[in-house]
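Please consult the sequence and the structure below.

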Amino acid sequence: MTRLARLRRSLEDLFPERHLYVRSGGAMKAFVLTSSKQMAIAGVVAGGALWMGVCTAAMLVNLLSASATDREIAQLKAQSERYVADRQARLDSAMAQLNAASGSNVELAASIEKRHAALALLLTDLKGAPGAAEALTPAINRALANETSNPVKRVEMVRIGQEQLLDAADSFAKSRADRLRLAFRMAGLTPSAFVPKSGSLGGPLIESKDPRALAAVLDVDEDFAVRIQRAARDVSETRALTDAAQDLPFARPTSNAAQTSGFGVRFDPFTRRPAFHSGLDFAGGHATPIQATGPGVVSFTGQRPGYGKTVEIDHGRGLKTRYAHLSGISVRPGERVALGQRIGAMGSTGRSTGTHLHYEVWVNGRAQNPGRFLKAGQYVQQGD
């Protein structure tokens, strides 16, 4: 009590009672500002300054995050341009060597056959990859467009066609891998965690750290083996990241609803005070279908305090999604669901002010911004 009394006296000394006199039209008016009124005004001013500081800090964080993403995209573009220029220089060098070569036709044909086998081993891993056919078809058509009647020239053109096809495969794999890595970073994930430590080539695992060893295994020249090695590494990373992206919750939970509330601090609709919102809200009609945003196993269905009827899906690798305020549930615990499969219907159960879906994404036990995953999914789809 003594401390409270001392604090009260300190506040009264800081905010003593003040009298204001206003003269207007020959009349004098007096206003009394008590200590309590002054403290209330000071509290309002301090609260407003704190709120403006928090909002300014949040805007600066968003601007810095966006600029960092733009710089990363520019760096990837510059790396791709340097990569293409290097490949073109190698192709020109190989063409000059072929024109100057005077070896026997038998040796040249044998070399081309061995290169073809190594190239076929690499392209097998690209079979079925999104966009691979469109990227490689022009190089294949150029390789098959040789109509010269000179046998030696035809052999040389086949060899050049192999160089071009290898360049096209490597460029496609690298650009696809770079795009997927950027999408993973947009979602707040570490791409290296989804890539195996060693690459595979044509099914069996080939430890090809030494280009000379790989050249001996494939029975090709060392320069071609180095290029096969680099392309195989890019193809392996592309395949691993593509498979991982297909298992991640990158899709929208509903296709016929608009987003109405974002992730982060907002005014609570019940208390009208700032509160943390751990997901995204999508508004729509009653019983609007709700879909799984990625393949996984249903880990929970039922009522959760505040969430109402809820479905939770485990996608592996520490990722989980939650769908709340549902009016109905279409799956059961332990059931494996596919991407886009209906898991429930939109409703207004639990702590809700109206019909909508509350959607959350959890990574290793912590709520993440689902909007980052939706943007990453759109970025991946643009490259397919």
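Why does histidine 325 count as buried? The relative accessibility of histidine 325 is 6%, and buried means under 20% relative accessible area with a 1.4 Å probe, protein chains only. The model is predicted: local features need pLDDT of at least 70, side-chain atom pairs count only at pLDDT 80 or more, and totals for chains, interfaces and linings use all residues. Residues are numbered from 1 along each chain as its sequence is written, and side-chain values use heavy atoms, with hydrogens and water left out.

**Histidine 325**
- Histidine 325 belongs to strand 10, residues 319-329 (strands are DSSP runs of E, at least two residues, numbered from the N terminus).
- A polar atom of the histidine 325 side chain lies 2.7 Å from the backbone oxygen of threonine 349.
- Beyond neighbours within four places in sequence, the contacts of histidine 325 include Tyr307, Met346, Thr349 and His358 (contact means heavy atoms within 4.5 Å).

**Aromatic pairs**
- There are four aromatic pairs in the structure (ring centres of Phe, Tyr or Trp, the latter by its six-membered ring, within 6.5 Å; planes under 30 degrees apart are stacked, over 60 edge-to-face, the rest tilted).
- Phenylalanine 250 and phenylalanine 373 form a tilted pair, with 6.2 Å between centres and 50 degrees between planes.
- Tyrosine 323 and tyrosine 359 are also a tilted pair, at 5.4 Å and 40 degrees.
- Tyrosine 323 is in strand 10 and tyrosine 359 in strand 13, so this pair ties together parts 36 residues apart in sequence.
- Both tyrosine 323 and tyrosine 359 are buried.

Note on methods:
Helix = DSSP H or I, 4+ residues; strand = E, 2+ residues; numbered from the N terminus. Buried < 20%, exposed > 50% of the residue type's maximum accessible area, 1.4 Å probe, protein only. Polar contact = N/O pair within 3.5 Å; in protein donor to acceptor, adjacent residues only side chain to side chain.
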